[in-house]
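Visitor: I'd like to learn how to read a model like this one. Could you walk me through it?

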Amino acid sequence: MQQSQSPPPARGTLWNKALSQTLPITLGYVPVGMAYGVLAGKAGLSAVNVLLMSVLVYAGSAQLVAVGLFAAGASGAAIVATTVAVNLRHVLFSAAMAPLLSGWRKRELAAFAFELTDESFALHAARFGRGDRGKELTLSINVLAQASWVAGTALGVALGDVLGDGRAFALDFALPGMFLALLAGQVGSRSQVAAAVVGAGLSLAACGLGITGFGALAAGLAGAGCGLGVEKWMTRRHL
Amino acid sequence: MDDATTFVTIAGMAAVTYATRSGPLLFLAGRTLAPSAIRFLAHVPAAVLAALAAPALLRPQGQFDMSLDNAILWAGLAAFALALRTKGFFGPVALGMGLVAAVRFLSGA
């Protein structure tokens, strides 16, 4: 039973509550984090760098994309620019959370933002919607979620040699699977479908021409521009 | 790329990622973005994710492959269909990984 205005829970209950609410995220982060750990090792990154990326960046899809770019010998600038493109959606999550966290102090917001992922956003948006707004619980959930991502990464690093290239475990599906699951939540309107189709088409064309690195980023931004154009056109036509 | 350059790249990734996550929360309090910027941003995730997914599905080995042997593609379509229906995240990823692993196990690939 959810109470909308409960007093701050005691330490033990706080972490128990946080653990049970974070569990669905943990179940996903550990295996995908493992896939990242294995693939990053295969791409030639040192174990320290593989772990540091999960601690400092903490963005699954961007980390897996970066691993592919590291393996392909892309430049640091291309990797950082692609990270911006892959993570630009977080601007929307952050903007959506801003009014919900209006009473929070700057440094609390700064800590919250560091661990704002697709999954934590979805979880907190649902929690806040039903009046479950505890600050301590919110931050505890974020810490536990990142801990499971880092733990999964460490497992992947440790088991990299045992798992071989990971093809038998379909680790190479982790990244496309993640893109597709995220994409499914982003194509709610017809103009967003148009943006996706144009982005995919241009990206395939760029690959066909041998343009890697910035190709997907440019294709995505062009696709978003087309989606915006379609939306404006539909609004004018009252569709 | 050596370890030091790799670390600098990771630090750069961390900085831009944090900027996307913290910018609106820290600086938007009481203000809003221009409507056209919001509309553009609303289309960025779909377009970028599709731009990243399409080559991963259709060129898993670096060349165009729409054959039945491309397990990633067909499992991906199944996972996408499930994700559209359930709006879940890890269910579709688990389904796809299970399908790809099963196909490889059964075909001995």
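Visitor: Is Ala170(A) buried or exposed?

Guide: First, some ground rules: this is a predicted model, where local features need pLDDT of at least 70, side-chain atom pairs count only at pLDDT 80 or more, and totals for chains, interfaces and linings use all residues. Residues are numbered from 1 along each chain as its sequence is written, while chains are lettered from A and ligands numbered from 1 in the order in which they are written. A residue is buried if 20 or more other C-beta atoms, placed from the backbone, lie within 10 Å of its own, exposed if 12 or fewer, and partly exposed in between. Ala170(A) has 25 such atoms within 10 Å, so it is buried. Ala170(A) sits in the loop between α8 (135–163) and α9 (174–184) of chain A, and has a positive phi of about 60 degrees despite not being a glycine. Helices here are DSSP runs of H or I with at least four residues, and strands are runs of E with at least two, numbered from the N terminus.

Visitor: What phi does Tyr58(A) have, and where is it found?

Guide: Tyr58(A) is not a glycine, yet its phi is positive, about 50 degrees. You'll find Tyr58(A) in the loop between α2 (47–56) and α3 (60–71) of chain A. With 25 C-beta neighbours inside 10 Å, Tyr58(A) counts as buried.

Visitor: How many residues of chain B are in contact with chain A?

Guide: Contact means that the C-beta atoms of two residues, placed from the backbone, lie within 7 Å. Here 63 residues of chain B touch 81 residues of chain A. On the chain B side, the largest share, 21 residues, comes from α1(B). By class, that side has 46 nonpolar, 11 polar and 6 charged residues. Nonpolar covers Ala, Val, Leu, Ile, Met, Phe, Trp, Tyr, Cys and Pro; charged is Asp, Glu, Lys and Arg; the others, Gly among them, are polar.

Visitor: At what angle do α9(A) and α4(B) pack?

Guide: Two packed helices are described by the angle between their axes and the distance between the axes. For α9(A) and α4(B), the angle is about 145 degrees and the axes are 9 Å apart. Axes are lines fitted to C-alpha atoms, for helices over the stretch in contact, with angles from 0 to 180 degrees between N-to-C directions. Residues making this contact include Gly177(A) of α9(A) and Gly96(B) of α4(B). The contact divides into 7 nonpolar, 2 polar and no charged residues.
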